[in-house]
Amino acid sequence: MPAVTVDNPLTLPKVAASVDAVARPVLAVTTAPSGFEGEGFPVRRAFAGINYRHLDPFIMMDQMGEVEYAAGEPKGTPWHPHRGFETVTYLIDGTFIHQDSNGGGGTIENGDTQWMTAGSGLLHIEAPPESLVQSGGLFHGLQLWVNLPKADKMMDPRYQDIRGGEVQLLASPDGGALLRVIAGELDGHQGPGITHTPITMIHATVRPGAEVTLPWREDFNGLAYVLAGRGTVGAERRPIAMGQTAVFGAGGSLTVRADERQDSHTPDLEVVLLGGRPIREPMAHYGPFVMNSQAELKQAFEDFQAGRLGTVPAVHGM
């Protein structure tokens with residue numbers, strides 16, 4: 001898992017919750033069902049079965065792969081529309097090319113993130129480069145959907161290209177956990193992603209037997225999704241493993257611990273930590289559109305069919 005790392009986490013700024021912070025209890029641990037997306041690449045639906053009141057402002061998250069493609073097998077998504085939210089694609093292994101009808105796009109690879117604010121709407125495509133299609137190779141990443149409040153749903157689209165080397169790297173006091181702050185902030189340390197909806201997104205690597213307790217904003221919700229490995233969550237040490245999501249309750253800190261023994265294919269516990277300030281507005285979601293009412297959904301479909309969300313470029317560079 002070659003996302004951005006360091007040889008010695010003890011050289012990084014340290015983060016730890018205060019001793020008097022109220023520990024967040026674990027409300028639930030769910031297991032992501034598997035499926036296929038786009039032209040047929042495998043995904044795990046991380047938030048399936050979780051009540052939206054625990055997810056808000058997050059809508060969905062797919063773990064893409066981890067899969068080792070043979071030559072000719074790598075797949076992407078065809079051109080498709082979005083309106084009313086932001087898509088965050090975090091690539092851990094492999095290479096993906098992105099382009100949208102608003103002129104945004106680029107190539108992301110190990111540890112990079114593309115942050116696309118669809119806003120009023122655009123067309124979008126993601127695909128592996130031709131070289132990867134020909135050779136095959138490892139592919140692994142996440143796509144997260146973040147809702148926009150009603151006041152921002154029709155804003156102009158925006159694209160952020162976040163290189164892996166730009167993420168804020170932190171560590172637990174004993175160096176047992178490496179924390180990559182992709183967006184938002186943790187204990188005053190700011191990640192590079194600029195968000196309209198206040199959120200925090202962290203990829204943590206926790207060494208076998210290590211435990212990390214992080215300060216967590218009390219006005220945010222708290223979620224932990226395991227990309228690889230096994231461990232426990234919460235002060236109560238509730239077991240969690242690859243493909244499972246923990247939902248935390250209220251409090252000022254959250255705890256993640258890696259088991260002493262990990263699976264043979266992964267040396268550490270790899271977990272994505274998410275928190276955000278709930279929007280608490282009505283949500284109407286269908287396919288690639290996330291609005292506040294059925295009437296707005298209908299308008300989004302009409303705008304798409306009329307070409308008002310953009311047109312596919314004659315040459316899209318894939």
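Contact here means heavy atoms within 4.5 Å, and the model is a predicted one.

Q: What makes R44 and L274 count as contacts of M61?
A: A contact needs heavy atoms within 4.5 Å. Leaving aside neighbours within four places in sequence, M61 meets that with R44, R45, A46, F47, L142, Q143, L144, Y225 and L274.

Q: What makes the set with F47, F58 and M61 a nonpolar core?
A: Such a core consists of buried nonpolar residues joined through side-chain atoms within 4.5 Å. The largest one has 31 residues, and F47, F58, M61, L144, M201 and L274 have the most contacts inside it. Among the elements giving it two or more residues are strand 4 (58-69), strand 11 (137-147) and strand 13. Another core, of 27 residues, lies apart from it and includes W216 and F248.

Q: Why is Q168 called partly exposed?
A: Buried means under 20% and exposed means over 50%. Q168 has a relative accessibility of 24%, so it falls in between and counts as partly exposed.

Q: Why are strand 1 and strand 13 said to stand at the edges?
A: The open sheet runs in the order 1-22-19-24-17-14-13, with antiparallel pairing. Strand 1 (26-31) and strand 13 each have a single partner strand, so one side of each lacks a neighbour in the sheet.

Q: How do you know that strand 19 and strand 22 pair?
A: Pairing takes at least two bridges. Strand 19 (residues 222-228) and strand 22 (residues 244-248) have four, in the antiparallel sense, and L223 has V247 in strand 22 as its bridge partner.

Definitions and conventions: Residues are numbered from 1 along each chain as its sequence is written. This is a predicted model: local features need pLDDT of at least 70, side-chain atom pairs count only at pLDDT 80 or more; totals for chains, interfaces and linings use all residues. Side-chain values use heavy atoms; hydrogens and water are left out. Buried means under 20% relative accessible area, exposed over 50%, partly exposed in between (1.4 Å probe, protein chains only).
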